[in-house]
Amino acid sequence: MSISKKLVDDMANNEISFVTTVPCKQLGGVIEEVEKHPDIYHIPSNKEDEGMGLCAGAFMGGKRSAIIMQNTALGVTVNTLATLIQYYRMPLPMLISYRGELGEPVACQVEMAVHTKAILAQLNIPTYHFHDAADAEEFDKILKYTFMCNKPVAILTDASFWKGY
Amino acid sequence: MIRSEVIKSLLPVLSGHFVVCNIGLPSQELHMMGDQPTNFYMLGTMGLSSSIGLGVALAQKQKVISIDGDGSVLTNFGTLPTIANNVADNFVLFIVDNGSYGSTGDQPTYAGKKTSLAAVATACGCENVVECQAEDAAKTLQAALDSNKMTIIVCKCESGNIKVPVITMDPVTIRDRFMGELKARNA
C-alpha cells in the first residue's frame, strides 16, 4: 500500500469524511487518494483560512474534517486558528507538507520553513514531524488524539519522509 | 434602510432556521434583536461566514443561512468559486451590501463603487444570484428558502450603525447550543 493511501485510509478509519485541500507537489499523491476515497467529501479550497472555515462548518454539521496544506501558508491562517478553531474549541487535523527542509531545491521555501515550528509553538498547537518512513505509523494515534482533545494538531511531513517511500 | 433595519426585517424569516452570522456589528445586532440557539455568532475571523455556512450545509440536511457583508466577501473572495462548484441546495448566502466596512467606522468598500458582487458571484459560476433592495430583503430570503435551491442574495442598503452591546456569551456555549439544536433536528 502506498503511504498516501495509508494516510487517507487512517483518516477514513477515524471517521473523517470532509477534507479540504490546497495543492502542494509533495502532497499530490495524498490529494489524489482523498479525491478517490468513496467515504470522503473532497472540497478543494482557494486559500487555507477559507478551508479552515469550511472544516469548522462541517464539524458543527456533524462531520469530522481535516485540512491538507503547505507550511508556507501557515502565516495566513494564524488568525483563523486562534479566533475560530481554538476559540470555539474545534478539532482540526492539519496534514502539512514541510517545504524548505533537507532536499529542498527552491531557496525561497526555506524562508517560511524557518518560521513553521515557531509559529505552531507560539500558538500552542501540538506538532508532529514525520521525517522517517516509520513515523507514519503514529498517524492513526495522532488523529485519535486530535478528536480527543478538540484542538488543531499539525503533522509536518518533510521531503525526506516522502522520499523514504 | 441600514443594516440593523434589514436584519430586523429578516427576523420572522430567520426564526427557527440555522444562521451563521458575520463578525462584528451584524452578529451583535442579530444577538440583541433575535437571539436563538440556532444562531452561530462569529466573534472573530472576518470573511469566513460563507465558508462556515457552506461547511455546515454540506455536512447535513437542515437549511443554513449565512449572513455576510460586502466587506467580508471582499476579504474572502475565493469563497464564491468554492460555493459555485460545491452546490448545497440547503444553503443561502445573504450578503448585506451597504458599500462600507460598518463595524470599523463605515469606510467605503469597492462593492459600493465599481464592483458588483452579484456580477462577481455569477461570473464565479453561482447559478441563483439575486440582487434586491433593502425593503425586499425578507421576501427575497423567504423565496430563496422556499425554492430549495442554493441562492446568493446581494441586498443593497444604506451604510450606518446603531449602538449595540458586544456579545459576552462564551464561544464554546455558542458552538455547543448550535450543534445541539442541529443534532436534535437531524435525529
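Some conventions come before the structure. Residues are numbered from 1 along each chain as its sequence is written, while chains are lettered from A and ligands numbered from 1 in the order in which they are written. Since the model is predicted, local features need pLDDT of at least 70 and side-chain atom pairs count only at pLDDT 80 or more, whereas totals for chains, interfaces and linings use all residues.

Let me begin with chain A. Its secondary structure comes to 7 helices and 6 strands; helices (H or I, at least four residues) and strands (E, at least two) are DSSP runs, numbered from the N terminus. Read from the N terminus, the elements of chain A run α-β-α-β-α-β-α-β-α-β-α-β-α. The radius of gyration of chain A is 14 Å, close to the 15 Å that the globule rule gives for 165 residues, so chain A is as compact as a globular protein of that length. That radius is taken over C-alpha atoms, and the globule rule is 2.2 Å times the number of residues to the power 0.38. Along the principal axes, the C-alpha trace of chain A spans about 40 × 35 × 25 Å.

Of the 165 residues of chain A, 47% count as buried. A residue is buried if 20 or more other C-beta atoms lie within 10 Å of its own, exposed if 12 or fewer, and partly exposed in between, with C-beta atoms placed from the backbone. As for contacts (C-beta atoms, placed from the backbone, within 7 Å), residues 24 or more positions apart account for 77% of those in chain A with a separation of 6 or more.

I turn now to one strand of chain A. How many of the residues of strand β6 (residues 152-158) of chain A are buried? The count is 7 of its 7 residues. In a regular strand the side chains alternate between the two faces of the sheet. Both faces of β6(A) are covered: A:P152, A:A154, A:L156 and A:D158 are buried on one side, and A:V153, A:I155 and A:T157 on the other.

Next, the helices of chain A. The axes of helix α1 (residues 3-13) and helix α6 (residues 139-149) of chain A come within 9 Å and cross at roughly 35°. Axes here are lines fitted to C-alpha atoms, for helices over the stretch in contact, and angles run from 0 to 180 degrees between N-to-C directions. A:L7, A:D10 and A:M11 of α1(A) meet A:F139, A:D140 and A:L143 of α6(A) in this contact.

With 11 C-beta neighbours inside 10 Å, A:K163 counts as exposed. Its C-alpha atom is separated by 32 Å from that of A:I85, 78 residues apart along the chain.

In chain B, 6 strands form an open sheet with parallel pairing, in the order β2-β1-β3-β4-β8-β7. Why do β2 (39-41) and β7 (129-133) of chain B each have one side without a neighbour in the sheet? Both stand at the edges with a single partner strand, so one side of each is left without a neighbour. The twist averages 20° from one strand to the next.

Finally, the contact between the chains takes 27 residues from chain B and 25 residues from chain A. On the chain B side, α3 (49-59), α5 (79-85) and α8 (171-186) each supply at least two residues.

Technical notes: Contact = placed C-beta atoms within 7 Å. Pairing = 2+ DSSP bridges.
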